[in-house]
Amino acid sequence: MVKLKMTTLRNVAGIIGIGETEYVRRGKKSLPELVMQAVMSAIDDAGIEKDEIDGIVTESGIIPKNVPANEIAANLGLDGAVTASIGIGGAGTVAAPMLAASAIATGRANTVLCYFGVDWGSAEGGPYQYHKGDPYKDSLELPFGFYGQPVYFAAMAQRYIHEYGLGSDQLGQIAVSAREWARQDPTAMKREPLSLDDYHDSPLVAEPLRVRDCCLITDGAAAFIMTRSDRAQSVRHNPVLVAGGSFQTAPYSARSYLTQNANYLETLGGKASSQAFSMAEVDIEDVDFAEIYDCFTIIELLQLEDIGLCGKGEGGAYVEEGHTSPGGRFPVNTHGGLLSHAYTLGINHITEAVKQLRGQAGKRQVRGAEVGLVTGYSANEHSALVLTKDNS
Amino acid sequence: MNSWPILPEVHREELEPYWMAIHRGEIVLPYCNSCDRYQWYPQPLCPECQRQLDWNDVSPEGSVFTFTTVRWPFMEELRPALPLVLGLIELDEAPNVRLVMRLENVDGTEDVCDLRAQIRTKEIADGVSIPVAHVSPTMQE
């Protein structure tokens, strides 16, 4: 009988390089070009040779349709890289580091590249068409006009208002706060001021959600390189440790979750963050900042409650008090999030967390940032990631 | 002016019993005889006991679980139908099921969550019907 030696993934791997393209509403580069640009930039930032990459890990639901891992191997001339993917959308991008850490922990790979990109700014149908083509939704939702992600989340916001009450200023504050952060990030797409009045002036999309409650639409890509934590220190920048992570699922199909979820006003972010904290051996009190998946203001609000910052129904008051804004006690989305930085489904939340933990966040630097939380939401899936500064 | 530019299609054989019933003016949903529980969207097995699901009638009485008034044309074809009040209807006999449909008898400016609703079927093209939720106003009629 084989005697198993179980081990934790805590601090097995560190992030040694990040790369990103510029983020635009509609670009001229193809998605493969954008991804490779980000990949080359990450390799350069890590200060490694491309042949050191022996693993490629990414999200499994969206990017492989256009730029699968084998495409990266082809462009980099990599022979023998192990490839793996996990999750859909944000839950996938934020789960990738733990999957990469698993490969590193078992010695299957030493240096893993993670990447993600979108061309939904220039592609036909934009982000909405991702939800088209499922035959069940096409049959049971589309004919009524229940289509377009904002509609799904507007219905969620209406139920929240009904059960808990929520001021439009409170919801708007999430958008306003994201913009305040983005204004301090030179890489953010949206940097002009956004006041609550501006928020109220933005057109209603599906009530109560306005244009400013919805994330951006972007062409862009990012990538990062991970390696064994006992090697990471000898590489260029202060490495950022992958201290904990979690990937949670629910007993629903992806196609049905958004309408059938019994816990309609909760995300799986509570379970995901709890498990990630446990692996990282931290509590929420230890977290210095968080990059929270913010496809819509309402989803950020639910996660703030679910991760334990405040009770269910109290998220509006929490953000209204300014806690998540610049100067607040729990900085959230220090780059502006998906709402104001870029809509690259959370890989930019990871790269921002790395910049913060390296002390390279410029004017938006969270002083003394040592522990960061990143979340990735994709309806029936949810990921959480705890990254820490390597003080060893 | 066509406010139903997209006609429902079955798309998959698993969805056929639902739509055939709607076209007859009835509602049937996948049902587990063993658990006495309805399941939506259709799938092969009951998530509780993993028995195969059958189809069973269900009463059209229910309530509005949530709603939204859509103002943005996410598909160009829908522009003439806007603004559009959509809802998720929870059925009295299947409280874990929420059916997506348009609401009628509402103006979209008030919170209609938890109001009573009855699902009626409406013919929108030759031989093609759709369910629509007729919402009861707050005051007793």
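A:Val2 sits in the segment before strand 1 (13–20) of chain A. The model is predicted. In this model A:Val2 is exposed, at 67% relative accessibility.

## Negative surface patch

Helix 7 (residues 196–201) of chain A gives the largest share, three residues. A:Asp201 lies in helix 7 of chain A. The relative accessible area of A:Asp201 is 64%, so the residue counts as exposed.

## Salt bridges in chain A

Over all chains, the structure holds 21 salt bridges. One of them pairs A:Glu281 with A:Arg10, at 3.8 Å from N to O. A:Glu281 lies in the loop between helix 10 (269–280) and strand 9 (289–291) of chain A, and A:Arg10 in the segment before strand 1 of chain A, so the bridge ties together parts 271 residues apart in sequence. A:Glu281 is exposed, with a relative accessible area of 59%. A:Arg10 is partly exposed, at 32%.

A:Lys355 and A:Glu20 form another salt bridge, with their closest N and O atoms 2.6 Å apart. This pair links helix 14 (residues 347–358) of chain A, which holds A:Lys355, to strand 1 of chain A, which holds A:Glu20. The two residues are 335 residues apart. A:Lys355 is buried, at 10% relative accessibility. A:Glu20 is partly exposed, with a relative accessible area of 21%.

In chain B, B:Arg37 forms a salt bridge with B:Glu48, the closest N and O atoms lying 3.9 Å apart. B:Arg37 is in strand 2 (residues 37–38) of chain B, and B:Glu48 is in the loop between strand 2 and strand 3 (54–57) of chain B, eleven residues away. B:Arg37 is partly exposed, at 22% relative accessibility. B:Glu48 is exposed, with a relative accessible area of 54%. Elsewhere, salt bridges with shared partners join A:Arg159, A:Glu163 and B:Asp114 into one network.

The cut-off is 2.5 Å between cysteine sulfur atoms. The sulfur of B:Cys32 has its closest cysteine sulfur in B:Cys49, at 3.5 Å, so the two are too far apart for a bond. B:Cys32 is buried, with a relative accessible area of 1%.

For B:Cys35, the closest cysteine sulfur is also in B:Cys49. The distance is 3.7 Å, again too far for a bond. B:Cys35 is partly exposed, with a relative accessible area of 31%.

Terms used. Residues are numbered from 1 along each chain as its sequence is written. Chains are lettered from A and ligands numbered from 1 in the order in which they are written. This is a predicted model: local features need pLDDT of at least 70, side-chain atom pairs count only at pLDDT 80 or more; totals for chains, interfaces and linings use all residues. Side-chain values use heavy atoms; hydrogens and water are left out. Helices (H or I, at least four residues) and strands (E, at least two) are DSSP runs, numbered from the N terminus. Buried means under 20% relative accessible area, exposed over 50%, partly exposed in between (1.4 Å probe, protein chains only). A salt bridge is a side-chain nitrogen of Lys or Arg within 4 Å of a carboxyl oxygen of Asp or Glu.
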